[in-house]
Amino acid sequence: GSLLSAEQLRKAYGPTAALDGAEFSIHPGEVVAVMGPSGSGKSTLLHCLAGIVTPDSGTITYNGHELSAMSDSQRSALRRSDFGFVFQFGQLVPELTCVENVALPLRLNGGSRKEAERAALTWMERLEVDDLRKKRPSEVSGGQGQRVAVARSLVTNPRVLFADEPTGALDSLNGERVMELLTDAARSTNAAVVLVTHEARVAAYSDREVVVRDGKSRDMERAV
Ligand code: ADP
Ligand code: ADP
């Protein structure tokens, strides 16, 4: 069965229907690209699936549990334990070194500095940024910073990785490298990846595409 699914999602901001009957589902280990023009509802769909935005109606089911039946604190606990996030701009903490940034989610979950940084370095090696461990985010390039952000998103072994335009601020060469490393790393841990992008060459790294238009979604079988 699917790990995360949504049915008939509706979400309005005032008179604007951001989502108008959107559907979604993803299996463990699957990479699904959410595509569509700017303003079509992609980010709203991602935020609903991640339990950050509450839809006006519709159901979201994660691992057999309905998100709307959970309390806010249960949903935040779920986000910390089971979900990882990567955004367009890495959003690394500028005062921390790269290894401290990657270790941060484990530290926030109560892990010791030594264990957290050991796990962080393992992920940094996989993302080929372990040599940057002592640098601050301001001292690394955009592509390197995004690879550090991907390492940070995976360090807790999430079951679902939410990536919102993860290569949006990168040139195509760096963007492709980030996508290669991100999808390899996620597949190796059987994490599902919800990848929001408006770029076809980024969506090419997915197993399947869901196209959002005017708040409605449509599943596209990849014709490969
Ligand atoms: P996309 O990610 O495809 O660009 P969004 O989900 O960000 O689309 O937005 C869908 C629509 O909902 C747009 O018209 C956007 O302006 C509107 N919208 C999204 N978030 C908000 C918000 N917090 N407040 C008001 N309008 C919003
Ligand atoms: P994206 O590029 O990922 O679609 P946006 O730049 O459209 O993101 O939106 C950034 C943030 O602002 C999101 O949290 C979104 O929900 C919110 N937002 C988008 N459109 C509006 C809007 N018209 N009014 C208020 N907030 C909005």
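**Close-up views of an aromatic cluster and a ligand site**

Tyr 62 and Phe 83 are both buried in this predicted model.

**View 1. Edge-to-face pairing of Tyr 62 with Phe 83.** The centres of the two rings are 5.1 Å apart and their planes stand at 85 degrees, so Tyr 62 and Phe 83 form an edge-to-face pair. Tyr 62 belongs to strand E4 (residues 57–62) and Phe 83 to strand E6 (residues 83–86); the pair therefore ties together parts that are 21 residues apart in sequence.

**View 2. Stacked pairing of Phe 85 with Phe 87.** These two rings form an aromatic pair with a centre-to-centre distance of 6.2 Å. An angle of 5 degrees separates the planes of Phe 85 and Phe 87, and the pair is stacked. Phe 87 has a relative accessibility of 30% and therefore counts as partly exposed, whereas Phe 83 is buried.

**View 3. The aromatic cluster as a whole.** Tyr 62, Phe 83, Phe 85, Phe 87 and Phe 162 make up one aromatic cluster. The structure contains four aromatic pairs, among them the edge-to-face pair of Tyr 62 and Phe 83 and the stacked pair of Phe 85 and Phe 87.

**View 4. Surroundings of ligand 2.** Ser 43, His 47 and Asp 164 are the residues around ligand 2. In the side chain of Ser 43, an N or O atom lies 2.8 Å from an oxygen atom of ligand 2. Ligand 2 taken alone exposes 550 Å², of which the protein buries 21%.

Methods:
Residues are numbered from 1 along each chain as its sequence is written. Chains are lettered from A and ligands numbered from 1 in the order in which they are written. This is a predicted model: local features need pLDDT of at least 70, side-chain atom pairs count only at pLDDT 80 or more; totals for chains, interfaces and linings use all residues. Side-chain values use heavy atoms; hydrogens and water are left out. Rings of Phe, Tyr and Trp (its six-membered ring) pair if their centres lie within 6.5 Å; planes under 30 degrees apart count as stacked, over 60 as edge-to-face and the rest as tilted. Helices (H or I, at least four residues) and strands (E, at least two) are DSSP runs, numbered from the N terminus. Buried means under 20% relative accessible area, exposed over 50%, partly exposed in between (1.4 Å probe, protein chains only). A residue is near a molecule or strand if one of its heavy atoms lies within 4 Å of it. A polar contact is a pair of N or O atoms within 3.5 Å; within protein, one must be able to donate a hydrogen and the other to accept it, and residues adjacent in sequence count only if both atoms are side-chain atoms. Accessible areas come from the Shrake-Rupley method with a 1.4 Å probe; for residues, only the protein chains shown count as cover.
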